[in-house]
Amino acid sequence: MPLWVEGEVVRPIEEVVGLVDAALSSSKPLSEMGKEAWEKVVKTVSKTKKAVKTMAKNVAIGALPTDVVLYPGIKYVEGSTSYLSQALTYWALAEGRISLGEVYPSVEGLKVRWRIQSNYSEIVDEILKKGYTVFDNLKGNINLKTAFTDVEISDELKIAFEKVAEEFWERAHQLLKQWEEAEKSGNVNLLNKLGKYLRVLLPLAYAVEAYKRGELSREDIALAVIFAVLYDGSISKGEIRLYVGGPEKEEEPIMTHDHFTAFWLWALKELGLKPSALYPGRNEFHIVFRGDEMDNLMNAFTLALPKLYELSNALTEFADAFRIASGEVVRSKFGVDWAYDVKEESFLKKLNKIIAITEDYIRNNVTVDKRPLDTSGQRPKAVIRLKLGGEVVARINMYWTDKVLHAQFAGSREKAERLASILRALGSETKTKHTRRIGWVVWLTTDGIIAIRHDGWLKAVKSFVDELKDKKLISEDRYKQLVRDIEAGPNTVKFAAWSSQSIMTTSRN
């Protein structure tokens, strides 16, 4: 076990690593820890693993080109990171143990290098095999010069990339030829060596083709890009950057970070996510999204919010449980008041920052319109439409029951979950529910409705209440109370419990 730092100071960290290993294997609790604390750790680890597995293909497409070492000759993958929260997402790539790579000093104190090394998953194998076929068929059939048109780029860099585009397929042919020869001869070392190129090119080729065929949705692509940024990118106000480096430790590479960047630009453009600019870094290129291109990216990110919330919630619960458990163990064994705090890790902070800027995009860009009051049914209602980026994302039926307001949406699971995420960004915590009669439903009563603090939404609700008054369908006192509530918002939002009797039949959206 290579350690940059050795001695007594490392022992509590090694104990924490052992705790992680025990939690992942769901083994018996350590004697130094209470049963309740241990059960919470195991439960939250399982919840995190489930969240990662639900988007394993998206994680793999984002991680392979940015964050792992691939050994295709032995079907092996290796991931290494300073963040335990990030290491947990490697479950999408492999089922191996998360172990200690090293402990090293930093300006923040001692830090742990977490590592996973194992045979890669069936999903990774599928992406590589299908990606190889797609990349081979692309060979010479696309002009990469189109990848950086309409992208802000310096004249000097543009000239350099035009040269890269011209030679790209010649180098790709060389790469594929070496691969074929290595496969025929069984040269495992050469196959592993070529993995540093294929891990970037094949997942991107696969993603483009699968998206065009409808095998991957826009949500899938958004998640893949999100994970690429989480692993190797940055987020700041009004800007997202994806960093593209070169093949690791290669003196005479077949391809460099120039070629990888050109292919990334092409792939993003084909996926409908054209970036704004390209800038050189020290040893990498920065693919930049801002302005209209940032808005387009954010619009795609809104589709991914349900799964981002699921992962963030799982990691946060794990962080709370693990901080308590690790604190108990370290205090018991070493008499030191210290615990491992996953919430302080940059990976989890970056994930939550992506969620926050996506919520900001929703608040700033969602629009609302309301149709006229309809009194033809059992209860007066109106249809309220939510739009985002010009697209109608939901048609919500607003009802008056003579006592309270009800708002209800029914549709597919994907649409219901997206709407719930949008409403959460606007201030109303709600959940989706599946019913036998009308499918997936999002449902709110008065407090949940007025918790949505968006001017367009509140204006639509006020208009609905005004129409009820005009039609003499609501008492004067109840009207005045609702208007006061709409203007003030709820003191404590109370959400309705689900019951089959209270969910009214409505048309599917």
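Colleague: What makes Phe-135 count as buried?

Modeller: Its relative accessibility is 0%. Buried means under 20% relative accessible area, exposed means over 50%, and partly exposed is in between, using a 1.4 Å probe and protein chains only. A value of 0% is under 20%, so Phe-135 is buried. Before we go on: this is a predicted model, where local features need pLDDT of at least 70 and side-chain atom pairs count only at pLDDT 80 or more, while totals for chains, interfaces and linings use all residues. Residues are numbered from 1 along each chain as its sequence is written, and side-chain values use heavy atoms, with hydrogens and water left out.

Colleague: Got it. How many aromatic pairs are there, and why is the one between Phe-135 and Trp-169 called tilted?

Modeller: There are 16 aromatic pairs. Rings of Phe, Tyr and Trp (its six-membered ring) pair if their centres lie within 6.5 Å; planes under 30 degrees apart are stacked, over 60 edge-to-face, and the rest tilted. Phe-135 and Trp-169 sit 5.4 Å apart, centre to centre, with 40° between the planes.

Colleague: Which residues does Leu-84 contact?

Modeller: Contact means heavy atoms within 4.5 Å. Skipping neighbours within four places in sequence, the contacts of Leu-84 include Val-20, Ile-98, Trp-114, Phe-318 and Phe-322.

Colleague: Now charges. How do you know that Lys-129 and Asp-125 form a salt bridge?

Modeller: A salt bridge needs a side-chain nitrogen of Lys or Arg within 4 Å of a carboxyl oxygen of Asp or Glu. The closest N and O atoms of Lys-129 and Asp-125 are 3.1 Å apart, so the pair qualifies. Both are in helix H5 (residues 122-138), four residues apart, about one turn of the helix.

Colleague: Are Lys-129 and Asp-125 buried or exposed?

Modeller: One of each! Lys-129 has a relative accessible area of 51%, so it's exposed, whereas Asp-125 is at 16% and counts as buried.

Colleague: What about Glu-78 and Arg-115?

Modeller: They meet in a salt bridge at 3.8 Å, N to O. Glu-78 is in strand S2 (residues 76-81) and Arg-115 in strand S4 (residues 109-119), so this pair links parts 37 residues apart in sequence. Glu-78, at 17%, is buried, and Arg-115, at 22%, is partly exposed. The structure holds 33 salt bridges.

Colleague: Last one: why do S9 and S13 count as edge strands?

Modeller: Two strands pair if DSSP finds at least two bridges between them. The open sheet has six strands in the order S9-S10-S11-S12-S14-S13, with antiparallel pairing. S9 (366-370) and S13 (432-435) each have a single partner strand, so one side of each lacks a neighbour in the sheet. The partner of S9 is S10 (residues 381-388), with five antiparallel bridges; Val-368 has Leu-386 as its bridge partner in S10.

Methods:
Helices (H or I, at least four residues) and strands (E, at least two) are DSSP runs, numbered from the N terminus.
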